[in-house]
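Biologist: Before we go through the features, please show me the sequence and the model.

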Amino acid sequence: MFQSLRIAPALLAAFLLAAPVAGQAQSADAYRLPPAPITQIIDADPTPVIVPSRDRKLIALMGRENLPSIAAVSEPILRLAGTRVNPRTNGPIEARTTYLRSLSFITVNGGAEVKAKLPEGMRSLSLSWSPDGRWLAMMAEARNGLELWVVNPKTGESRWVSDARLNAAFGAAYGWLPDSSGFLARIVPPGRGEPPVAVTTPTGPLVQESKGRAAPVRTAQDLLASPQDEALFEHYFTSQLVRIELTSGALSPIGKPGLYSAALVSPDGRYILTTRVKRPFSYIVASGRFPTEIAVIDWTGTVVKAVVDRPLADDLPPPFDAVVTGPRSVGWRDDAPATLFWVEAQDGGDPRTKVDVHDRVLMQAAPFAGPPTVLADLAERFAGLDWGRRDLAVVHSQWFDSRHETRLAVNPSHPGAPRVLVSRNYQGRYDDPGDVLMTALPNGRQIIHFTPDGRGMYMSGPGETPQGGFPFLSSMSLEDGKSTRLWTSSASHYEQVLDLIDDTRLVMLTRRESRTDNPNFFLRDVKDGKLAQLTRIPDPAPQFAGVGKQEVKYRRADGVQLSGTLYLPAGYDKDRDGRLPMLMWAYPAEFTDAGVAGQTVDRSNRFTRPGGISHLFLLTQGYAIFDNPSMPIVGADGAQPNDTYIEQLTADAEAAVNAVVEMGVADRDRIAIGGHSYGAFMTANLLAHTDLFRAGIARSGAYNRTLTPFGFQSEQRTYWDATDTYTKMSPFTFATKINEPILLIHGGADDNSGTFPIQSERFFAALKGAGATARYVVLPNEAHAYRARESTLHTLWEMTDWMDRYVKKAGPRK
């Protein structure tokens, strides 16, 4: 199949001609609306979300704004050092933010709902409960920035805290103090002045020089590209650390302004752990790899402990488990007054180095004068830490090559040989022990929720089996990691454990749904068998109430178990309506174990409603949807999965098509394939290498892997390490073989690594040069995920129109 990679003359001509992408002037069509009832469903109120207070006595119920307008998404933004910032607010951009539109409070054990009294039209985000549960703080958008507000959950009264403008360029700009008396915040430095004025006349060329230093960096968007960008980055990302008093709003500056990407107060409130980036900046990596100083300071800004002064980290090796040398992942121990922990690589940061210990976890208590203590030596990469008490913490580690995870019980007071609690393939679904449930200390820090006898810890997980998902509450032994189920969801409902409110009666906060019941929040008393409904959120899309849904299991030709969810239009009758046109929507995944790849889960008891640009909206137009059919790419026994990507992908797709055709619900001559991002890459490859599908829909994909030469998705090898694989996996290489209609949609401001808009632009040029039937749609100002209402509706119109033209109305294949 891959013996010849010669480019056809028609394809070569597409690149020799200096012409616009479409070969003619591109038109700016008006936004279109999809057929009913799609628009009505899109415009329905979004489902609220909840945030329990840290003492678990109150729940904030937050109503969210619906999709923003294209005008809002098109507001000027800055793309600096891997981050997009709104210069008007010095915070997140509209396309990446969901604002609060309503707020109310409910008590866990009953009582009237209290509605927050917010100023008319106020938009807020980044909500956070105070440690004592008496206040809920938020960032509110003002005319010239972001302000700090608080709400009293008992009365609903809200008030403005300070006239300081928060600086959220690096993310959430404030945090509560441990005693709930105020906040540590990053604010726009007073008197900052106007932003640097762009110089329209260059003073010279832009020059980058490697000087023989290897820097194999994956492709990324929004990087610095000029001295003007550097100046803008310093202007908008520089902040002043301040203490803000809750009662008076008084500000106390802490040290001098700097490029603080993080600032965390110690659990006892005495110190601040700061992360500050500095020059020299880079044009090939984001700010997270800029030179960085991590230090502990006091409330005057004086450095108490210098943790690390890290140089520019643009030279990490390509493998995923490559890390910087020196201290990293620095944080506070949650169950101690002021103890730092951090991690140091023992392999020079290169996972290819053969050593017994790859990472070491260390601790050091205030006043940080003595030598650090080794908490644990890890044979894998550090992946997290759950703090519990003086004699117990759980250290997580993972290794990408094997997809293996380990969880170790360690004694922080007397570190020694750790006990292995969990050792498994983290992609496995049937043996997932769940995650540790946490409980809050009076200072707001989260620690492990231990069982009353102290010999176990509470866990919650999805409980996936071939028969379905059965979420559970369990206790895990701290001696040997064995789990005991305390409660399991019934088969009729999918009920997730969100929190454990009372561990004596096992009272849990849960989110409960079924195939016909939309999700709501409940209080379940396990011992008494009682179930109290806390919210009554209505069905956001009752038009989908009659949609058919079933899990379909089938096997690949080599025996790998596969599955997918089949959706059928409301009222469909196979005997009466016969075979339907179908859209398959999928996303490939790489595995190292065929058994794990074949673990399927029946999801028929889950509540399903579409939103945004979901392909499920096509159900309203008479299409069957085969959703997320398994597309595993397996590299067993050390083999690289992608070396047989095309062969395995083809086998996956053939099995899926055969399964739905044999059921009698799909017309083999009227099946389309589609996907977003890596799913778009899959779509183009299936059209290039098979004749299984009548058409394709590819959104925001990457099609030429030479443009992502230092790795992509789960591929760690570079283009020069695996040239043949990169070439064979690129549908761009085989554009002349695509003879089915393909719809390409791409956000004009895509911010995802690797999926630059030029990927779709050049792929369309290749398709056009080869004489293919293709349509290329650019959504102005949209990122990788499309957000504006106009863009969302237009995308759904494009998908429906494409399916109607090339699938629904298509006759038998010739």
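Modeller: What follows takes the features in turn, each with the general idea and then the case here. This is a predicted model, so local features need pLDDT of at least 70, side-chain atom pairs count only at pLDDT 80 or more, and totals for chains, interfaces and linings use all residues. Residues are numbered from 1 along each chain as its sequence is written, and side-chain values use heavy atoms, with hydrogens and water left out.

Biologist: How many salt bridges does a search of the whole structure find?

Modeller: Side chains of opposite charge can pair when their charged atoms come close. The term salt bridge is used for a side-chain nitrogen of Lys or Arg within 4 Å of a carboxyl oxygen of Asp or Glu. By that rule the search of the whole structure gives 54 salt bridges.

Biologist: Which residue forms a salt bridge with Asp-350, and is Asp-350 buried or exposed?

Modeller: The partner is Arg-352, with the closest N and O atoms 3.0 Å apart. Asp-350 is buried at 16% relative accessibility. Here buried means under 20% relative accessible area, exposed over 50%, and partly exposed in between, with a 1.4 Å probe and protein chains only. Another salt bridge is formed by Asp-558 and Arg-556, at 2.8 Å from N to O; Arg-556 is buried, with a relative accessible area of 5%.

Biologist: What are the accessibilities of Arg-576 and Asp-577?

Modeller: Arg-576 is exposed at 59%, and Asp-577 is partly exposed at 34%. These two residues form a salt bridge whose closest N and O atoms are 2.9 Å apart. Elsewhere, Glu-65, Glu-75, Arg-88, Glu-94, Arg-123 and Glu-141 belong to one network, joined by salt bridges that share partners.

Biologist: How do strands E9 and E10 run, parallel or antiparallel?

Modeller: Strands of a sheet pair through backbone hydrogen bonds, either parallel or antiparallel. Helices (H or I, at least four residues) and strands (E, at least two) are DSSP runs numbered from the N terminus, and two strands pair if DSSP finds at least two bridges between them. Strand E9 (residues 145-151) and strand E10 (residues 158-166) run antiparallel and are joined by five bridges. Trp-149 has Trp-160 in E10 as its bridge partner. Six residues lie between the strands of this hairpin, where Gly-156 takes a positive phi near 85°.

Biologist: What is the order of the strands in the open sheet of four?

Modeller: The order is E26-E29-E32-E33, with antiparallel pairing. Strand E26 (435-436) and strand E33 (483-488) are at the edges, each with a single partner strand, so one side of each has no neighbour in the sheet. Five bridges connect E33 to strand E32 (residues 472-477), and the two run antiparallel. Opposite Ser-475 stands Thr-484 in E33.

Biologist: Where are the cis peptide bonds next to Pro-37 and Pro-367?

Modeller: A cis peptide bond joins Ala-36 and Pro-37, with omega about 5°, and Pro-37 is in the loop between helix H1 (9-16) and helix H2 (38-42). Another joins Ala-366 and Pro-367, with omega about 10°. Pro-367 is in the loop between strand E20 (359-365) and strand E21 (373-378).

Biologist: What is phi of Ala-81, and what is phi of Ser-126?

Modeller: Phi of Ala-81 is near 55°, a positive value in a residue other than glycine. Ala-81 is in the loop between strand E3 (78-80) and strand E4 (83-85) and is buried at 1%. Phi of Ser-126 is also positive, near 55°; Ser-126 is in strand E7 (residues 124-129) and is partly exposed at 29%.

Biologist: Where does Tyr-271 lie, and which residues is Tyr-271 in contact with?

Modeller: Tyr-271 is in the loop between strand E14 (251-265) and strand E15 (272-277), and is buried at 10% relative accessibility. Contact means heavy atoms within 4.5 Å. Leaving aside neighbours within four places in sequence, the contacts of Tyr-271 include Leu-264, Val-296, Trp-299, Trp-332, Ala-366 and Phe-368. The C-alpha atoms of Tyr-271 and Thr-300 are 9.9 Å apart, with the two residues 29 apart along the chain.
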